[in-house]
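Please view the sequence and the model together while reading.

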Amino acid sequence: HSSPPTAPLVYTMLRRFASAASSANKVLVINSGSSSLKFKLFDQSQNWSVAASGLVERIGETSGSVLNVTTGDGPKQSTTETIPDHNVAIEKVISVLTSRFSASLSQEVAAVGHRVVHGGDSFSKATVVTPEVEAAIQRVTPLAPLHNPANLAGITASRVTFPCPQVRERQNEGNGDERARGEDLTRVVRW
């Protein structure tokens with residue numbers, strides 16, 4: 001398998017976790033922001049192409065949220081509906097992906113990557129999410145009060161559907177040494 005130039009972290013995640021389930025050949029990457037949720041689904045069987053990508057905007061707004069999804073080279077499809085929180089946003093994304101791909105999508109995803117804005121000094125690289133990792137992210141929520149709760153909601157909600165490893169990657173926080181210590185997931189997957 002060749003490593004795709006636009007997603008080395010995704011390739012590393014799949015190579016590491018795909019051995020647990022031979023049918024697992026996809027990686028889902030989630031960027032759960034304060035009022036939005038971005039996602040990309042990478043497919044190894046399609047030469048690491050982006051099988052689907054999308055954005056849920058205006059989460060929690062009473063005027064309605066917008067869900068944009070693009071699959072493969074197809075046109076962007078948009079819907080507007082009420083999406084009160086990140087748990088519902090993840091559910092909507094999973095529902096759309098399952099309807100577009102297969103009911104067994106949850107078994108086809110080898111790993112789910114999550115962008116986490118702030119992990120404090122606890123993390124220096126991509127990390128498999130454990131209860132201890134979640135607790136550490138929760139402890140530093142005062143450093144990113146708008147984002148860390150959304151990041152944790154994305155981790156929690158996706159774990160319900162995807163029984164595979166959840167992996168967190170810290171966003172570049174601009175402290176000068178972040179790039180040397182860990183890749184910026186939002187840069188790696190080129191939102």
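In which strand is Leu41 found? Leu41 is found in strand S2, residues 37–43.

## Basis of the model

This is a predicted model, in which local features need pLDDT of at least 70 and side-chain atom pairs count only at pLDDT 80 or more, while totals for chains, interfaces and linings use all residues. Residues are numbered from 1 along each chain as its sequence is written, and side-chain values use heavy atoms, with hydrogens and water left out.

## The chain as a whole

The protein chain has 7 helices and 8 strands. Helices (H or I, at least four residues) and strands (E, at least two) are DSSP runs, numbered from the N terminus. Of its 191 residues, 50% count as buried; buried means under 20% relative accessible area, exposed over 50%, and partly exposed in between, with a 1.4 Å probe and protein chains only.

Contact means heavy atoms within 4.5 Å. Among the contacts in the protein chain with a separation of 6 or more, 57% are accounted for by residues 24 or more positions apart.

## Leu41 and Leu105

Leu41 counts as buried, at 0% relative accessibility. Leaving aside neighbours within four places in sequence, Leu41 is in contact with residues including Lys26, Val50, Ala52, Leu97, Phe101 and Leu105. The C-alpha atoms of Leu41 and Ala52 are separated by 5.1 Å, and the two residues are 11 residues apart along the chain.

Leu105 lies in helix H3, residues 105–108, and is buried with a relative accessible area of 2%. Not counting residues up to four places away in sequence, Leu105 touches Lys26, Leu41, Leu97, Thr98 and Phe162. Leu105 and Phe162 are 57 residues apart along the chain, with their C-alpha atoms separated by 8.5 Å.

## Helix H5 and its partners

H5 has 14 residues and reaches 21 Å from its first C-alpha to its last, close to the 20 Å expected at 1.5 Å a residue; the expected span is 1.5 Å times one less than the number of residues. Among the buried residues of H5 are Asn148, Leu152, Gly154 and Ser158. The axes of helix H2 (residues 86–100) and helix H5 (residues 148–161) come within 9 Å and cross at roughly 40 degrees. H2 and H5 are therefore oblique to each other; angles under 35 degrees count as roughly parallel, over 145 as roughly antiparallel, 65 to 115 as roughly perpendicular and the rest as oblique. His86, Asn87, Ile90 and Ile94 in H2 meet Ala150, Ala153, Gly154, Ala157, Ser158 and Thr161 in H5. By class, this contact has 5 nonpolar, 5 polar and no charged residues.

On helix H4 (residues 131–139), the axis comes within 9 Å of that of H5 and the two cross at roughly 160 degrees. H4 and H5 are therefore roughly antiparallel to each other. Glu134, Ile137 and Gln138 in H4 meet Asn148, Leu152, Ile155, Thr156 and Arg159 in H5. The residues of this contact divide into 3 nonpolar, 3 polar and 2 charged. In these classes, Ala, Val, Leu, Ile, Met, Phe, Trp, Tyr, Cys and Pro count as nonpolar, Asp, Glu, Lys and Arg as charged, and the others, Gly among them, as polar.

## A loop residue

Arg58 lies in the loop between strand S3 (49–57) and strand S4 (65–71). Phi of Arg58 is near 60 degrees, a positive value in a residue other than glycine. Arg58 is partly exposed, with a relative accessible area of 33%.

Key:
Axes are lines fitted to C-alpha atoms, for helices over the stretch in contact, and angles run from 0 to 180 degrees between N-to-C directions.
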